[in-house]
Amino acid sequence: MSSLDESFTTKSEWRRVLLEQRGGVADDTRSAEARALQEALLRWLDGRPVRTVAAYVPVGGEPGSPGLLDALLDAGLRVLLPVVVRGGPLEWAEFTGPDSLRPAGFGLLEPVGDRLGTAAIEQADALLVPALAVDHRGVRLGRGAGYYDRSLPMAAPNAPRIGVVRDGEFVAELPGEPHDVRMTGVLTPGRGVVGLPV
């Protein structure tokens, strides 16, 4: 559960505090969390009819590691990564290994392969979604640029949408809006994948 003061009322207050906390996480803690996330996700995927996963490359203190993407490939899964197109929904391209990534805007790493367009998200059988926090109802707090808000409605309706956060970023309630696409699960280092709402 969260150790945050959950009395914040605005998304900007939540973002400020969460980003500040992420900046203070030690490297060894990040590494241990990344291993726990990878193990929990692979356990969750085992036996599920998932062939394609939409994922992301963690940056700026986001939980996880590029090693998770390699593990998904090693498990025989196709991995789609987002390509940011300013002002529009995300485009997608296939991740084929560490050498298939290049630096892009916003400090991101993006795949160098062919862009598959915005509709490629429909091909994902499960989605790993970066988040600053996720609440018990499935409300996700992102960084505020709206790329995932514009992209998630295009995903297959039955594909699990899993927000990836640290244990303390899984909170009771966040400010939400009607257009927010709810997560159907959350992945944390300590709890693994938890179905939402709870």
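The model is predicted, so local features need pLDDT of at least 70, side-chain atom pairs count only at pLDDT 80 or more, and totals for chains, interfaces and linings use all residues. Residues are numbered from 1 along each chain as its sequence is written, and side-chain values use heavy atoms, with hydrogens and water left out.

R166 sits in the loop between β9 (161-164) and β10 (170-171); strands are DSSP runs of E, at least two residues, numbered from the N terminus. Beyond neighbours within four places in sequence, the contacts of R166 (heavy atoms within 4.5 Å) include R22, E33, G61, E62 and T188.

Two cavities of 30 Å³ or more were found. A cavity is a set of points on a 1 Å grid over the protein atoms alone where a 1.4 Å probe fits but cannot get out; lining residues have an atom within 4 Å of a point. The largest cavity holds about 50 Å³. Its lining comprises Y56, P58, P63, G64, S65, L68, L69 and V164. Six of these are nonpolar, two polar and none charged. The second largest cavity has about 40 Å³. R140, D149, L152, D180, V181 and M183 line this second cavity, with three nonpolar, no polar and three charged residues.

Terms used: Helix = DSSP H or I, 4+ residues; strand = E, 2+ residues; numbered from the N terminus. 1 Å grid on protein atoms, 1.4 Å probe; cavity = no way out; pocket = protein on both sides within 12 Å on 5 of 7 lines; lining within 4 Å. Points joined across faces, edges and corners; volume = space filled by probe spheres on them. Nonpolar A, V, L, I, M, F, W, Y, C, P; charged D, E, K, R; others polar.
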